[in-house]
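Please prepare a briefing on the fold of this model, covering its sheets, helix packing and domains.

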Amino acid sequence: MSGSTAGDLAKRDTERHILLAVDESDNSRRAVMYVADFFSDYRDVYVHVLSIIQEPSEDFFKTDEERSSWLAEKQASVEGKLAEYNDILLGSGFREDQVSSRVSVRRCTSIGQAILDEQKSLRCCIVVVGRRGISHSEEFVFGSTSNKILHNASHCAVMVVE
Amino acid sequence: MTSGNAPVSHQFTTDEIKDMIAARLGSNRIPKKFKIHTDTGDFFRIEYNDVVILDNTPFLFSRYEKEGRFGLDDEPKYWVRRAFNLFDGQTKVIKLVFHEEFESKLGDLVIKCFRSPKKEARILDLVADHPNFMHGYSCSDSGGNNVRILEYIYGNRLDEQVQKIVEDHYDYFHNFFPKILDVYIELVKAIKFLHDNGEKHGDIRRDHIFFDRERAVYRWIDFDYNYMHGESMFGFDLHGLGNIITFLCGKGDILVPELYRNNRKIFDTLWGEDLNISYKNRVANLRKVFPYIPESLNRILLHFSLGANIFYDDTNQMLDDLARARADVGTLTGR
């Protein structure tokens, strides 16, 4: 996978960069298909596929080894999924230099906020996410990443694909 | 982890233990036979009147602690024991390692929960100087198990105190509730302290608040639960806080079937959106039942109703609303 790097930041204000935030779910795949369908004909649109893995607390595991092995497995699985998404985007007509992808493992209290932090640092003008369609009470207790992004995004457009 | 002034390590003999029991608790408390343990891994093996050496300190174990849930009889918690420190005679609650994983049901929602001794030990260190939490310390036994040694709280539960008030709701709300609301706000600030430090309580329930008679302060207990959170790390804690304020405002849970039986006029005014978001047999919109509840306070309750379209993200938002509600309760009641 190739694509523009953080070193290109100065150029970004004159280009169109999309942050496509994904996980391994079907709704993320739909978001990828949507971007592939709508933007692959644009030669000056760059897509950054990002997956954030929330670093799990030590509390969830009996030993550090268990935790490391969970994290390694999760990372490998997400990277596999990103390779699939990359193929979908390239298959739709994007050039290789228009697509980049990255897995970010980090400690964060909110994945939505972590995505918006990435949007700021990469200066992306559109954030695209899938939506799971959770129940009212599920959103109340667990929260909704897409709603968090919708409510807190600034200086960018947000596309929520259902 | 800190444990105060532990003596140098040595093997206690049975006679030494007997002398300590006699000195601290009286010679009539010396058990006829008992075992001395240093590894608590298999906690079912530790019987009543056995002695456990933890961090070089001998503890005489007695009864299991119990916990009642939702009207069921108290269930023994075999991994939580009352004990006496044989050096100073103080009563302690000792929590042994129990890696329990279970699914907690919240209405239709299923949440994967588990007990984490590590989490509770970490929070005990964090709240060592905070008055609104149970205090204690943790240590490893000879088998490497993370054991928590907690101060025993002499007092009763906040919810029991509220339910013992015999006045009707109008009198309760005007004469008792203002002070109870102050207590509640203090307790929410304590949870904010946890959240600000990146920790969740994990099991916020009304029976997890104790009034400490000796220090005249309310304390949160039992924070060894954890769960895999989603986007909202503190959503489950906030849900617990919502249930408690609703309980305190209503002087108990206001149940739909009871209104149907006893107050059909009010029952007929209720819509689905007036009910608790998770427990659909409880009323959240209490102003329909008790019209003197100020709007500002009722708006807080509505955040936890089926009709809510915005939720609290954090305790700061809730505390802002509580400050407004407290002012209005003061204006209404003069207290």
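This is a predicted model: local features need pLDDT of at least 70, side-chain atom pairs count only at pLDDT 80 or more; totals for chains, interfaces and linings use all residues.

Residues are numbered from 1 along each chain as its sequence is written, and chains are lettered from A and ligands numbered from 1 in the order in which they are written. Helices (H or I, at least four residues) and strands (E, at least two) are DSSP runs, numbered from the N terminus.

**Sheet of chain A**

- Chain A has an open sheet of five strands in the order β3-β2-β1-β4-β5, with parallel pairing; two strands pair if DSSP finds at least two bridges between them.
- At the edges are β3 (99–106) and β5 (157–161) of chain A, each of which pairs on one side only.
- From one strand to the next the twist averages 20°.
- Strand β2 (residues 45–54) of chain A runs parallel to β3(A) and is joined to it by eight bridges.
- A:Ile53 has A:Val105 in β3(A) as its bridge partner.
- α3(A) packs on this sheet, where it touches β2 and β3 of chain A, and its direction makes about 160° with that of β3(A). Angles run from 0 to 180 degrees between N-to-C directions, and axes are lines fitted to C-alpha atoms, for helices over the stretch in contact.
- Helix α4 (residues 111–122) of chain A lies across β1 (16–21), β2, β3 and β4 (126–130) of chain A and runs at about 145° to β2(A).

**Helix pairs of chain A**

- Helix α2 (residues 26–39) and helix α3 (residues 64–91) of chain A pack at about 20°, with their axes 9 Å apart. That angle makes α2(A) roughly parallel to α3(A); angles under 35 degrees count as roughly parallel, over 145 as roughly antiparallel, 65 to 115 as roughly perpendicular and the rest as oblique.
- The α2(A) and α3(A) crossing is right-handed, meaning that the near helix is turned clockwise from the far one by less than a right angle.
- On α2(A), the residues A:Val32, A:Met33 and A:Ala36 meet A:Tyr85, A:Ile88 and A:Leu89 of α3(A). Contact requires C-beta atoms, placed from the backbone, to lie within 7 Å.
- The residues in this contact of α2(A) with α3(A) are six nonpolar, no polar and no charged. Ala, Val, Leu, Ile, Met, Phe, Trp, Tyr, Cys and Pro count as nonpolar, Asp, Glu, Lys and Arg as charged, and the others, Gly among them, as polar.
- α4(A) and helix α6 (residues 145–152) of chain A have axes that come within 8 Å and cross at roughly 50°; the two helices are therefore oblique to each other.
- The crossing of α4(A) with α6(A) is right-handed.
- The contact of α4(A) with α6(A) divides into four nonpolar, four polar and one charged residue.

**Chain B**

- Chain B is divided into domain 1 (14–98 + 134–151) and domain 2 (158–333), with bounds from an automatic or database domain assignment.
- The C-alpha centres of these two domains of chain B lie 35 Å apart.
- Seven strands of chain B form an open sheet with mixed pairing, in the order β1-β2-β3-β4-β5-β9-β8.
- β1 (36–37) and β8 (136–140) of chain B are at the edges with a single partner strand each, so one side of each has no neighbour in the sheet.
- Strand β2 (residues 51–54) and strand β3 (residues 57–67) of chain B pair in the antiparallel sense over four bridges, and B:Leu54 stands opposite B:Thr57 in β3(B).

Terms used. Two residues are in contact if their C-beta atoms, placed from the backbone, lie within 7 Å.
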